[in-house]
Amino acid sequence: MSSGPGSSTMAGNEVSTVTGNAAIVPLCSFAQVRERLQKAGLRPTRQRVTLTWLLFARGDRHVTAEMLFEEGRNTRTHMSLATVYNTLRQFSEAGLLREIALYASTVWYDTNTGPHYHFYVEDSEQLVDIPACQMARLPLPPAPEGMDIIGVDMIVRVKAKSAR
């Protein structure tokens, strides 16, 4: 396979995608990607394998469907934006991703499904994990009668200080 801007190269059982001038250094192989999908009860189709690798190959991250679609355009796997949305929904339902809705129009997908909080940087429209060591344990109100608290999501909105 060729390796130039916007191309994919395969070495053994790993893939490296070149985006612009920087190659994505894989942290997982295609075999690990396929295994992750199978453990989640999902058939490892070419599109799912590609999207799973893009999501998890570089560790924990936050993406929107549009961001992932643009990354996918740099691989040899062709898919529509609708396919990306449907696959992200399936991954969320299978527990592979955490869905974070902001302002009802933007949905972010987080590869870290464990409990943690986020900063939303309004200037750059980025979602960033808040390190656990920076969060004090907040007291929770009691759940309404007949209900259990199953999780707590916190998003702290921030923006750059104005130059004075």
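Visitor: Which definition of a salt bridge applies to E35 and K39, and what N to O distance do their side chains show?
Guide: A salt bridge is a side-chain nitrogen of Lys or Arg within 4 Å of a carboxyl oxygen of Asp or Glu. This is a predicted model, and in it the side chains of E35 and K39 meet that description. Their N to O distance is 3.1 Å.

Visitor: About how much of helix α1 separates E35 from K39?
Guide: Happy to walk through it. Both residues belong to helix α1, which covers residues 30-39, and they sit four residues apart there. E35 is partly exposed at 40% relative accessibility, while K39 is exposed at 68%. Because of their spacing in the helix, the separation is about one helical turn.

Visitor: How many residues apart in sequence are the parts that E71 and R61 tie together?
Guide: The closest N and O atoms of E71 and R61 are 2.4 Å apart, in a salt bridge. E71 lies in helix α3 (residues 65-72), whereas R61 lies in the loop between α2 (46-56) and β4 (62-64), so the pair links parts whose separation in sequence is ten residues.

Visitor: Is E71 buried or exposed?
Guide: Buried means under 20% relative accessible area. R61 falls in that class, and E71 does too: buried.

Visitor: What separation in sequence does the salt bridge between D153 and R98 span?
Guide: Here the closest N and O atoms are 2.3 Å apart. D153 lies in the loop between β8 and β9 and R98 in strand β5 (residues 98-102), so the parts tied together are 55 residues apart in sequence.

Visitor: Which residues do salt bridges with shared partners join into one network?
Guide: A search of the whole structure finds seven salt bridges. Those that share partners join R58, R61 and E71.

Visitor: Where is I149 found, and which surface patch includes it?
Guide: I149 sits in the loop between β8 (126-130) and β9 (155-158), and is partly exposed at 46% relative accessible area. The nonpolar patch, with about 250 Å² of accessible area together, is formed by L140, I149 and V152.

Visitor: Where in the chain is confidence lowest?
Guide: The mean pLDDT of the chain is 79, and 82% of its residues reach 70 or more. Over residues 1-25, however, pLDDT stays under 50. Where pLDDT is low, the predicted coordinates should not be read in detail. Helix α4 (residues 81-93) has the highest confidence, at 95, and the lowest, at a mean of 34, is in strand β1 (residues 8-11).

How values were computed: Residues are numbered from 1 along each chain as its sequence is written. This is a predicted model: local features need pLDDT of at least 70, side-chain atom pairs count only at pLDDT 80 or more; totals for chains, interfaces and linings use all residues. Side-chain values use heavy atoms; hydrogens and water are left out. Patches are made of residues with over 30% relative accessible area and no salt bridge: like charges are joined within 9 Å, nonpolar side chains (Val, Leu, Ile, Met, Phe, Trp, Tyr) within 5 Å. Accessible areas come from the Shrake-Rupley method with a 1.4 Å probe; for residues, only the protein chains shown count as cover. Helices (H or I, at least four residues) and strands (E, at least two) are DSSP runs, numbered from the N terminus. Buried means under 20% relative accessible area, exposed over 50%, partly exposed in between (1.4 Å probe, protein chains only). pLDDT is the predictor's confidence in each residue, from 0 to 100. Contact means heavy atoms within 4.5 Å.
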